[in-house]
Amino acid sequence: MDEPFDPYYKWLGIPPQEQPPNHYRLLGLNLYEIDPDVISAAADRQMAHVRTYQSGPNADASQQILNKLAAARLCLLDPISRTTYNYELRATQSERLRSREPDDAFAQSLRGAVRYATLEAERQWLTFFRLPGAYLSLGSDVVNEGRFRDELCEQYCRLDEILHRYQALRPIPLQNSAEAASKRGIGSWRPPWLGDVARTIRLWFGTVAYHYRRRAVLRGIGRLAYSTHREASGPEHLVGRIEALQSALAETEDRLVKLSEVPQGQFLSPQRTAWLLAGLALLPILVLLWLL
């Protein structure tokens with residue numbers, strides 16, 4: 001059995017799931033188009049195309065669609081009629097969205113959880129890496145230029161103390177083998193190389209601690225200088241970088257706060273959904289560790 005002829009689909013490319021089409025879809029326009037020249041040109045184009053079928057076997061269908069095209073053109077070209085029609089169209093679309101909400105609730109919850117996880121990762125990156133790195137650069141510049149030495153006297157003294165302790169770790173070369181033997185002690189059971197290895201390990205750990213503590217103090221100097229003097233704390237590119245990172249961090253935190261709220265019609269917020277999914281993902285690993 002042949003399928004019934006569908007002029008909307010065959011002539012205008014409007015599939016059955018989009019029928020009956022609204023005025024914008026019927027004329028091939030973007031939704032809520034307001035330019036009268038664009039509306040008029042689209043209506044003329046569609047009507048000229050449909051008129052080519054007036055003399056064929058589907059002349060009645062052609063005339064019906066021409067009437068609808070003319071009505072859509074008159075409605076959208078009149079500002080008052082268009083405003084009223086747009087209001088009714090928005091109400092209809094909102095009703096359709098509400099009717100689909102139960103089916104899409106799980107998908108929306110998953111999308112919200114992915115957005116929350118992405119933003120939380122971005123917040124952690126900004127908080128623990130990008131922003132501290134910017135403060136470190138500013139603090140290094142402040143120390144290199146010797147700015148705010150009186151105001152940040154305590155921090156400068158801590159840097160000197162850290163450097164002094166690091167220098168104290170450096171081994172003092174011995175003058176000769178007799179002196180080295182006296183340092184180890186006569187008849188010592190330790191082989192000569194063992195002391196060198198111990199000093200090397202001690203120096204390595206001391207170097208790591210020195211760089212870590214020094215960077216921490218420099219970050220503190222940069223943070224204090226920026227919070228106190230802002231634009232006058234350092235070069236424009238360093239200060240601008242800190243301002244941009246702080247703005248990005250504040251924006252990310254605001255978006256995370258919004259995602260912590262439970263959307264209407266749902267039981268869990270995107271934040272709680274993300275933590276729940278993380279817990280479910282870690283559960284098999286914890287079970288395996290417990291079994292092993």
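In this predicted model, the axes of helix H3 (residues 36-51) and helix H4 (residues 59-77) come within 10 Å of each other and cross at roughly 175°. Angles over 145 degrees count as roughly antiparallel, and H3 and H4 are therefore roughly antiparallel to each other. The chain as a whole comes to ten helices and zero strands, and 29% of its 292 residues count as buried.

**The pairing of H3 and H4**

- On the H3 side, the residues that meet H4 are Pro36, Ile39, Ser40, Ala43, Asp44, Gln46, Met47, Val50 and Arg51, and their partners in H4 are Ser62, Ile65, Leu66, Leu69, Ala70, Arg73, Leu76 and Leu77.
- Sorted by kind, the residues of this contact between H3 and H4 comprise eleven that are nonpolar, three that are polar and three that are charged.

**Overall make-up of the chain**

- Read from the N terminus, the elements follow one another as α-α-α-α-α-α-α-α-α-α.

**The nonpolar cores**

- The largest nonpolar core holds 25 residues, and within it Val142, Ile221 and Ile242 are the ones that touch the most other members.
- Two or more residues of this core come from each of helix H5 (79-145), helix H6 (153-169), helix H8 (192-229) and helix H9 (236-259), and H5 makes the greatest contribution, with eight residues.
- When residues up to four places away in sequence are not counted, Ile242 touches Leu131, Ala134, Tyr135, Leu138 and Tyr226.
- Another core, of 22 residues, lies apart from the largest one, and its members include Leu27, Ala72, Cys75 and Tyr85.

**Cysteines without a disulfide**

- The count of disulfides in the model comes to zero, and for Cys153 the nearest cysteine sulfur, that of Cys157, is 3.9 Å away.
- A disulfide would need the two sulfur atoms to lie within 2.5 Å, so the 3.9 Å between the sulfur of Cys157 and that of Cys153, its closest cysteine sulfur, is too far for a bond.
- Both of these cysteines fall in the partly exposed class, Cys153 with a relative accessibility of 40% and Cys157 with a relative accessible area of 44%.

- Thr252 has its place in helix H9 and is buried, with a relative accessible area of 3%; apart from residues up to four places away in sequence, Thr252 touches Leu119, Glu122, Arg123 and Leu126.
- Gly240 is also found in helix H9, but with a relative accessibility of 31% Gly240 counts as partly exposed; the C-alpha atoms of Gly240 and Ala134 are separated by 9.8 Å, although these two residues are 106 residues apart along the chain.
- Glu154 lies in helix H6 and counts as exposed, at 57% relative accessibility; from C-alpha to C-alpha, Glu154 and Ile221 are 10.0 Å apart in space, with 67 residues as their separation in sequence.

**Backbone features in the loops**

- The peptide bond that runs from Gln19 to Pro20 is cis, with omega near -5°, and Pro20 is found in the loop between helix H1 (7-12) and helix H2 (23-27).
- Tyr32, which is placed in the loop between H2 and H3, has a positive phi of about 65° although Tyr32 is not a glycine.
- Phe148, in the loop between H5 and H6, likewise has a positive phi, of about 55°, without being a glycine, and Phe148 counts as buried at 19% relative accessibility.

Definitions and conventions
Residues are numbered from 1 along each chain as its sequence is written. This is a predicted model: local features need pLDDT of at least 70, side-chain atom pairs count only at pLDDT 80 or more; totals for chains, interfaces and linings use all residues. Side-chain values use heavy atoms; hydrogens and water are left out. Axes are lines fitted to C-alpha atoms, for helices over the stretch in contact, and angles run from 0 to 180 degrees between N-to-C directions. Helices (H or I, at least four residues) and strands (E, at least two) are DSSP runs, numbered from the N terminus. Angles under 35 degrees count as roughly parallel, over 145 as roughly antiparallel, 65 to 115 as roughly perpendicular and the rest as oblique. Contact means heavy atoms within 4.5 Å. Ala, Val, Leu, Ile, Met, Phe, Trp, Tyr, Cys and Pro count as nonpolar, Asp, Glu, Lys and Arg as charged, and the others, Gly among them, as polar. A nonpolar core is a set of buried Ala, Val, Leu, Ile, Met, Phe, Trp, Tyr and Cys residues joined through side-chain atoms within 4.5 Å. Buried means under 20% relative accessible area, exposed over 50%, partly exposed in between (1.4 Å probe, protein chains only).
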